[in-house]
Amino acid sequence: MIEKLPKHSIQNNFNENKLSHKTQPINRQFETFIEDALKKVDGETRVSFSNHAQKRLDQHGFTLNEQDMTRLDEAVQTLADKGSKQSLILYDDMALIASIQNRKVITALKSNEMNEVTNIDSAIQVKKEKI
């Protein structure tokens, strides 16, 4: 026959387990290591896109292939080597504003829609290779 326990003892056991789970540190080092490794190519961190920038790319119908990403990676590395922090990258008919230190494109727009750009310390024009 199953013995019924008082309701408060079940609740107390639940709360004790819940508290002990919260106090145990979670080791995310391996997960972080994997994420960082996936972002790198030949030891260099790849350029990534903020959610805002990705939405703008989609909105304007821009798609970037592996060759495009390689060119952007090279442009960002060139800017980083020169000490840039916030830069305008003109690529094909796109204008990209990027945080060079974070290697992240912050926003994207059509270059012909660009009226003024502020808070940048550098700019680079990247020629898209014609096939």
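This is a predicted model: local features need pLDDT of at least 70, side-chain atom pairs count only at pLDDT 80 or more; totals for chains, interfaces and linings use all residues.
View 1. Strands β4 (residues 86–91) and β5 (residues 94–99) run antiparallel and are joined by six bridges. Pairing here takes at least two DSSP bridges between two strands, and the elements themselves are DSSP runs numbered from the N terminus: helices are H or I with at least four residues, strands are E with at least two. Two residues separate β4 from β5 in the hairpin, and Asp-92 in the turn has a positive phi of about 55°. Residues are numbered from 1 along each chain as its sequence is written.

**View 2. β4 also pairs with β7, in the parallel sense.** Five bridges hold β4 to strand β7 (residues 122–126). Look for Leu-88 opposite Ala-123 in β7, and for Leu-90 with its bridge partner Gln-125, again in β7.

**View 3. Five strands make an open sheet with mixed pairing.** Reading across, the order is β3-β6-β5-β4-β7. The edges are β3 and β7, each of which pairs on one side only. Helix α3 (residues 51–60) lies across β3, β5 and β6 (104–110), and runs at about 25° to β6. That angle is between N-to-C directions on a scale from 0 to 180 degrees, with axes fitted as lines to C-alpha atoms, for helices over the stretch in contact.

View 4. Leaving out residues up to four places away in sequence, Leu-57 touches Phe-49, Phe-62, Leu-64, Met-94, Leu-96 and Ala-108; contact means heavy atoms within 4.5 Å.

**View 5. Arg-46 links up with Glu-66 and Asp-73 in a network of salt bridges.** The salt-bridge rule is a side-chain nitrogen of Lys or Arg within 4 Å of a carboxyl oxygen of Asp or Glu, and the count comes to two. Arg-46 meets Glu-66 at 2.9 Å, N to O. That pair links distant parts of the chain, 20 residues apart: Arg-46 is in the loop between β2 (44–45) and β3 (48–49), while Glu-66 is in helix α4 (residues 66–81). Arg-46 also meets Asp-73, at 2.6 Å, N to O. Because Arg-46 lies in the loop between β2 and β3 and Asp-73 in helix α4, this pair ties together parts that are 27 residues apart in sequence. Arg-46 is buried, with a relative accessible area of 16%, and Asp-73 is buried too. Buried means under 20% relative accessible area, exposed over 50%, and partly exposed in between (1.4 Å probe, protein chains only).

For all the views, local features need pLDDT of at least 70 and side-chain atom pairs count only at pLDDT 80 or more, whereas totals for chains, interfaces and linings use all residues; side-chain values use heavy atoms, with hydrogens and water left out.
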